[in-house]
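These notebook entries record what I looked up in the structure shown below. I began with the terms and then turned to individual residues and helices.

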Amino acid sequence: KSGEADPDLFRVLGNHIVARRLNDFQPQHLSNIAWAFATAEVSYPELFKKIGDHIAGQDRLNLFNPQSLSNISWAFATAGVSHPQLFNKIGNHIAGQDRLN
């Protein structure tokens, strides 16, 4: 039906993404993926863990614009996924900014 998520499609997409190296994705892509799964209310904890671990493992988050970081934070919270390292990384990054564009 139109307006409803297809869990099978999301599962196939999630499997494909989890099998790949996330270095191949731009920050906006990771933000869009997390946002899409959360918005569609499709649970895929392994995907969120992989995205969270990848972002938390970055030396710096300068390539992530404020909107992407906001969307990622929102997606994790909406999906009910806890990832303290990710939230600490984002919080420390934002706290270190002189201003947000």
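I took buried to mean under 20% relative accessible area, exposed over 50%, and partly exposed in between (1.4 Å probe, protein chains only). The model is predicted, so I note that local features need pLDDT of at least 70, that side-chain atom pairs count only at pLDDT 80 or more, and that totals for chains, interfaces and linings use all residues. Residues are numbered from 1 along each chain as its sequence is written, and side-chain values use heavy atoms, with hydrogens and water left out.

Entry 1, Thr 78. I located Thr 78 in helix α4; helices are DSSP runs (H or I, at least four residues), numbered from the N terminus. Thr 78 has a relative accessible area of 42% and is therefore partly exposed.

Is Ser 68 buried or exposed? Its relative accessibility is 2%, so Ser 68 counts as buried. Ser 68 belongs to helix α4, residues 66-79. Beyond neighbours within four places in sequence, Ser 68 is in contact (heavy atoms within 4.5 Å) with Pro 27, Gln 28 and Ser 31. I then turned to Ser 31, which lies in helix α2. Ser 31 counts as buried because its relative accessibility is 0%. With the same exclusion of neighbours within four places, Ser 31 is in contact with Ser 68, Asn 71 and Ile 72.

The contact includes Ala 34, Trp 35 and Ala 38 of α2, and Trp 74, Ala 75 and Ala 79 of α4. Its residues divide into eight nonpolar, six polar and no charged; Ala, Val, Leu, Ile, Met, Phe, Trp, Tyr, Cys and Pro count as nonpolar, Asp, Glu, Lys and Arg as charged, and the others, Gly among them, as polar.

Notes: Helix = DSSP H or I, 4+ residues; strand = E, 2+ residues; numbered from the N terminus.
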